[in-house]
Amino acid sequence: MPVALTALWHRDEVAVVYDRFRGQWELPGGMLEAGESPRQAAVRELAEESGQVPGDPLQFVGYAEFLLGSAQRAECGALFTGRALRRRDFEADGEIEAMRWWDLSAPLPGRVSGIDVYLAQLTRPAHVH
């Protein structure tokens with residue numbers, strides 16, 4: 001399980017980040033570090049990439065298998081979801097250029113990862129339309 005992703009919701013919007021290297025908006029996430037569980041990686045990557053913190057422990061949703069990048073490299077990732085009690089400040093870094101709270105329908109400036117949109121839709125809270 002090399003990758004962990006998080007769909008973190010606040011009200012009716014999910015946190016997405018703009019990855020400078022891939023040139024697209026996507027869910028916060030990344031590679032597991034040595035000795036780290038997928039859940040630990042999800043929490044760490046969420047904080048590192050978006051500055052956000054879940055209000056409760058993240059819930060495991062399932063595993064996603066997908067093809068990544070122009071080389072179509074097969075990857076498998078653990079998907080987690082949770083709720084943010086409040087929106088925290090974001091600071092850009094060398095990897096992540098921007099962070100937004102997104103309702104999955106308003107246009108974003110630039111390309112959006114289709115797989116991440118699909119995964120976010122799977123985790124959308126029931127009360128959100």
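A word on ground rules before we start. This is a predicted model, where local features need pLDDT of at least 70 and side-chain atom pairs count only at pLDDT 80 or more, while totals for chains, interfaces and linings use all residues. Residues are numbered from 1 along each chain as its sequence is written, and side-chain values use heavy atoms, with hydrogens and water left out.

Let's begin with the core. By nonpolar core I mean a set of buried Ala, Val, Leu, Ile, Met, Phe, Trp, Tyr and Cys residues joined through side-chain atoms within 4.5 Å. Buried is under 20% relative accessible area, exposed is over 50%, and partly exposed is in between, with a 1.4 Å probe and protein chains only. The largest nonpolar core has 18 residues, and the members that touch the most others are V14, V16, L27, W102, L104 and L119. Two or more residues each come from β1 (3-10), β2 (13-19), β5 (59-68) and α2 (114-123). These elements are DSSP runs numbered from the N terminus: helices are H or I with at least four residues, strands are E with at least two. β1 gives the largest share of this core, 4 residues.

Have a look at W102 for a moment. Leaving out residues up to four places away in sequence, W102 touches D12, E13, V14, V16, L108, V112 and V117, where contact means heavy atoms within 4.5 Å.

Now for the empty space. Rolling a probe the size of a water molecule over the atoms shows where such space is left. For us, a cavity is a set of points, on a 1 Å grid over the protein atoms alone, where a 1.4 Å probe fits but cannot get out, and lining residues have an atom within 4 Å of a point. Grid points are joined across faces, edges and corners, and a volume is the space filled by probe spheres set on the points. How many cavities of 30 Å³ or more does the structure hold? It holds 1, and the largest cavity has a volume of about 30 Å³.

Which residues line the largest cavity? They are V16, W25, E26, L27, W102, L104, V112, S113, D116, V117 and A120. β3 (24-26) and α2 each supply at least two residues of that lining, and α2 gives the most, with 3 residues. The lining divides into 8 nonpolar, 1 polar and 2 charged residues.

On to the rings. There are 3 aromatic pairs in the structure. Rings of Phe, Tyr and Trp (its six-membered ring) pair if their centres lie within 6.5 Å; planes under 30 degrees apart count as stacked, over 60 as edge-to-face and the rest as tilted. Y18 and W25 have ring centres 5.3 Å apart and planes at 65 degrees, so that pair is edge-to-face. Y18 is buried at 16% relative accessible area, and W25 is buried at 3%.

F60 and F80 also form an edge-to-face pair, because their ring centres are 5.6 Å apart and their planes are at 65 degrees. F60 sits in strand β5 and F80 in strand β6 (residues 73-83), so this pair ties together parts that are 20 residues apart in sequence. F60 is partly exposed, at 38%, whereas F80 is buried, at 3%. Ring pairs link F60, Y63 and F80 into a cluster.

Finally, some loop residues. P109 is in the loop between β7 (96-102) and α2, and is partly exposed at 47%. Leaving out residues up to four places away in sequence, P109 touches Y18, W25 and R100.

L104 also has its place in the loop between β7 and α2. L104 is buried at 11% relative accessible area, and its phi is near 75 degrees, a positive value in a residue other than glycine. R11, in the loop between β1 and β2, has a positive phi of about 55 degrees although it is not a glycine. R11 is exposed, at 59%.

Methods
1 Å grid on protein atoms, 1.4 Å probe; cavity = no way out; pocket = protein on both sides within 12 Å on 5 of 7 lines; lining within 4 Å. Nonpolar A, V, L, I, M, F, W, Y, C, P; charged D, E, K, R; others polar.
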